[in-house]
Structure formats: C-alpha cells, structure tokens
Amino acid sequence: MGRYIARRLLQGVVTIWLVTLVIFSLLRFTGDPVSYMLPPDATKEDRARLIALYGFNDPLWQQYLVFNRNLLHGRFGPSLRWDSRDGMEVFLSRLPATLQLTGAAMSFSLILGVVLGAVSATHPDSLFDRVGKVMAIVGQSMPVFWVGILLILLFTVYLGWLPSAGGLDRLGLKGLILPAVTLGWLFVAAHMRIVRSSMLDVLDSDYIKMVRAKGMPRRLVIWRHALKNAAIPIFTLFAVNFAQLLSGAVVTETIFAWPGIGRLLVDSIFVRDYPVAQTVVFFASSFIIVINITVDVAYAWLDPRVRIAG
Amino acid sequence: MARSEPHTPELLLPRLRPGLWTVAVTWMRMVMRGAPILSLCFLTLAILCALLAPSIAPYEPIETNRAKTLLPPSLSEHPLGTDHLGRDILSRMVYGARISVTVGFLAVFVSGTLGTLIAVLSGVLRGWVETLLMRLTDAFLSLPFLMVAVLVVSLLGPSLVNVILVIGLLRWMTYARTIRSEVLRLTEMDFVRLARVAGASWRRLMVRHIFPNIVNTLLVLGTLEVGAAVITEASLSFLGLGVPRPLPSWGTMLAESQTYVFTAWWLPVFPGLAITLLVMSSNLTGDWLRDRFDPTRRQL
C-alpha cells in the first residue's frame, strides 16, 4: 500500500512538472511575452523592469529555471491589474466561489444521475428507461452555455422564479440554483449511464440473488445493497470528468457573472493580465492531478487487486 | 402492437390492450432505430449549408437593417427572425455552419494525425520514448482543456486557423491512448509476427498490416470528436475568443443573444439548436459506426 501510494505520488509530481513545462512552452512560443504582459500604455521603464524581473533576455533554459524557482516559492508574479497583488493571492480569493459552484453542480448531477440510473436499471426497457436514454443522448450534446441561456429564458424571463446572475454572497442560495443546474446538467447523463450499466451488472450477481432469495424486500435490496456497489464506478468517472468540470465552470461563471476562477481567467485575459491567467491554469491543472491521485489511492485502499496490478 | 424483438420473457406475453405507454415505447424505439439515418441526413445538411452558403441563405449574413431589428420569426419574410442589428438569423446560421463544419473536421484531422503519430511512435519504439510520451499524454489530459484553449487563443490572437490549431493540438490524447493499445495488441498478433518473420520491414508492417487495422478505430474516434471540436469552437466564440466578428459563428450568435434574452427568445434558441443537432449527429454517427465495425456489438 505504502509503495503504491509513493509510486502514484511520484508519477503525479512528474506529471505536474510536465504541466509546468507545457504551460511554459505555450507562453513562450506563442509570441513576445513582454508585449502581451504589459498593458498597451506601458512606458519604456516598465518594459525594462519587466524584462529584468523575468529575465527575458536570458537563454530559454535559464528562463525556465527562473520560472520553476518562482513556482516552488509560490511566487507567480505580481498581478498587473488586480491592485498588483500576487497572482496566487488573487487566485485564492476567487477559489471559494468556484468550489461552491462545482460542489453544488456535482451534488446535483450525482443525486439526479444516481436516482435516474438506478430506476432505469431496475426497469430495463420500460418507457422511463427509453426516455432516459434519449435524454442522456440529447443532454450530452447540448453546449453548457446554451443550457444556461435556456434556463434563464425559462426560469428568469418567463416564470420569474430565479435570478439570472449568481454569487452566493450577493444572492444567496437562490442565485446558486441556475448555475449549479447548468454546470451539473452535463454530468447527469454520464452518471445516469454509468449507474445504469453497473447496476444491471450488480443486480445480476450472485450475492444479490442470495439476498433476494432470503426474502428481503425488493426496495431494500436495490437501495441498500445494490446501489452501494454500483456506485463505485462513479468515483472513477468523477476523476476523469474533473477537468471537464473546470472547463464547464469557465463558461458557466461567464454566463451567470459568478465570481470564481473561470471568470477570473476570462477577465484577466481580456485585460491582458497574464501572470494571473497563468496562475489559474497552473493551479487548475494541479488540482486535477491531485484529484486523480486521490481517487486512485482511494481505489487501492478499497480494492486490493488494484494495488498489485497497478 | 406487434413487437419484433422481445428483450425479456415477460414481454412475450400477449398484450391485450395496447395502452398509451406501449405506443410511446414502440414509437421511441422506431425513432432510436432511425437515429443513425437522421444524423447522417443532418450532417449532410450541415455540410451542404457550409459548401453552398451563398446560394442557400436568403439574405446577406452581415447585412444590417435598422428598420427591422429584433423581428420575431415569421413565415413571410424572416423565417427565424432578425437580431438586434436587423440581420437575418437563418442566413447567419447557414453561414455559421461553414465555421462549425470547417473547425469540426479540420481540428479532428490535426488531432487525429498527431495522436496517431504519437501512438505509433510509442508503440514501435517502446522504452523510454514510450514512457515519456505516455507521461506527456497524462500531463495533457490533466490540463483544464478549455482554460488552456482560452489562454493560448488569446495569446495567438483569435482567428479561424488558430482556433483549429489549438483545438487540434489539445485534443490528441484520446487517439494516442486508444490507438497505442490497438498497435500494441496488433503487434502481438500472429499475422504481424509472421510478416516480421517473413522479413517485412517496419515500414511495410506499419503501412500494410497495422494501419489498415486501426483505420476503423480512427474513423469512429474521429466522428465522435467532431462534436467535441464543434462545442469547443462554439465555447471559444461564446467567450469572445473564437472566430472574429462580424463572421457569424453559432457561438458568437449565442453570446450576442444574451443581452436580448429578455425580449427575443428566438435569438438564443435557434443557434443553440443547430449546435446541439450537429454535435448529436456526430455522436450518434460515431456510435453507429462503432457498432457496425465491431461484429460483437452489432446485436446490441
């Protein structure tokens, strides 16, 4: 177990390092960093200061070393706009909003997906199952921002029930509903499909037949015994989908003016604040890697077969 | 209500009363069975719109008309209404198909080529090259795709070519992983081993024996990925980082519609519908191709 975790952690560190390499190359090979990092009205002194700060006149490998050293010390460069705070500080101030949004979206899609998936697995080929299948196909093809606009159209414009802008501080829970449903919508179909198929497998297994033969009521068998085992693949899916969740958050936060890191990224790109943009991308990637490792380790802890094979 | 293929024994029992539910189930099954044909039709329609946009579109897509702003859909003049500048929505959507179809297919071409190249390199060379390439694939897989795309497009400057390149260069990982495992499986198979024993060169092995066997997988993955590329282009355009205005992209149309969502429902509904249908068509066609190519799944 310890060896497995150690190896997985080492792999994670290597992956994070490769991510920094990728981000570094993307930033350096796509144009003159000095001109995109400075606002258009920058003076000559500003230019010289920036070049000295990041060492843009040094050879590339030295710049990369400086880049890595700054990362290790948690220095992501001062933000050019947000009161010149450090990129990391700006990022951290916006992180809670995104965590609230993604957490709410995931809970929504998990609850709905698991219930719908379990019901269609226990009634295969019924009308419910078929409608669910069609809804899953349609749901997975709808772009996040269209879902968001349609929800605004229905619940804000026509019914007038919910506000079209979000932000837990400003509007409270009422402002959370539409953004969370918009972002969660994407994963309802995926969760439903995976719960349905693993539930069908579990219902067919010997131990479920055993429990049923003992005379346990059908409802208890399904919701207490089968669902517990059928839910395991969801965690794998969660790790795989986490990157997609953050991508969806960028769009959702833009539609609903949600003050999270996705909106921070888009805003900072439009005001050409690249230190902040780079910090957001770096932390988002690291977050995804950490989530993946955690899920893998949790798996190994739950299932000894993974430790030996992996 | 005769059922052609009963799935469970209980359905073999004669149904005395074909209730509303049975009718609905049968109807839905027919729709599901026709889905591949419908999606092929819609894909063809989208490609035709892209190719023949000037002759299909009733108006110029960027022609503004101050007298006719925000007109609702009507059969007489503007079938899908007009936007805040009096531009015809239908014409803009027909032209928008050009961007979506071009980005969809070209981005998939770029990512498919890159992914296959990386897969074959790591499958053939093995050793540290394989380890490095697979770690690189992991690293790219953990990038928050849309965030990186937004960042890079803004650095390169928004344009059609840059959008295609960025989507292509950020989405090759699926191909690399799937094709690599196919290549590894194939190199262990008897006909490839025999060909190697018979003295075939690596190039011949690749071109004559391995490649023909991965074409199907490539085609299925590619079709499925068209939808993802279309959504990404629309997202970038929605955020204002896609194809520059006034070129009509479906994503841009949706972004512009946000301001008028309280007065004009037709602005967001139709372009979004077009994106959804195109993505759904590519997904369903991909699923159908996968079932066709794989005899073991054909019965499902």
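Student: How many helices and strands are there in chain A?

Tutor: Chain A has 15 helices and zero strands, where helices (H or I, at least four residues) and strands (E, at least two) are DSSP runs numbered from the N terminus. This is a predicted model, in which local features need pLDDT of at least 70 and side-chain atom pairs count only at pLDDT 80 or more, while totals for chains, interfaces and linings use all residues. Residues are numbered from 1 along each chain as its sequence is written, and chains are lettered from A and ligands numbered from 1 in the order in which they are written.

Student: What angle do α1 of chain A and α4 of chain B pack at?

Tutor: Helix α1 (residues 2–29) of chain A and helix α4 (residues 127–141) of chain B pack at about 75°, with their axes 9 Å apart; axes are lines fitted to C-alpha atoms, for helices over the stretch in contact, and angles run from 0 to 180 degrees between N-to-C directions. The two helices are therefore roughly perpendicular to each other, a label for angles of 65 to 115 degrees.

Student: Which residues make that contact?

Tutor: From α1(A) they include A:Val14 and A:Leu18, and from α4(B) they include B:Arg135 and B:Phe140, with contact meaning C-beta atoms, placed from the backbone, within 7 Å.

Student: Switching topic, how much of chain A is buried?

Tutor: Of its 310 residues, 38% count as buried, that is, with 20 or more other C-beta atoms within 10 Å of their own, C-beta atoms being placed from the backbone.

Student: And what does A:Leu265 touch?

Tutor: Not counting residues up to four places away in sequence, A:Leu265 touches A:Val250, A:Ala277, A:Val280, B:Met147 and B:Val150.

Key: Contact = placed C-beta atoms within 7 Å. Buried ≥ 20, exposed ≤ 12 C-beta atoms within 10 Å, placed from the backbone. Parallel < 35°, antiparallel > 145°, perpendicular 65-115°, else oblique.
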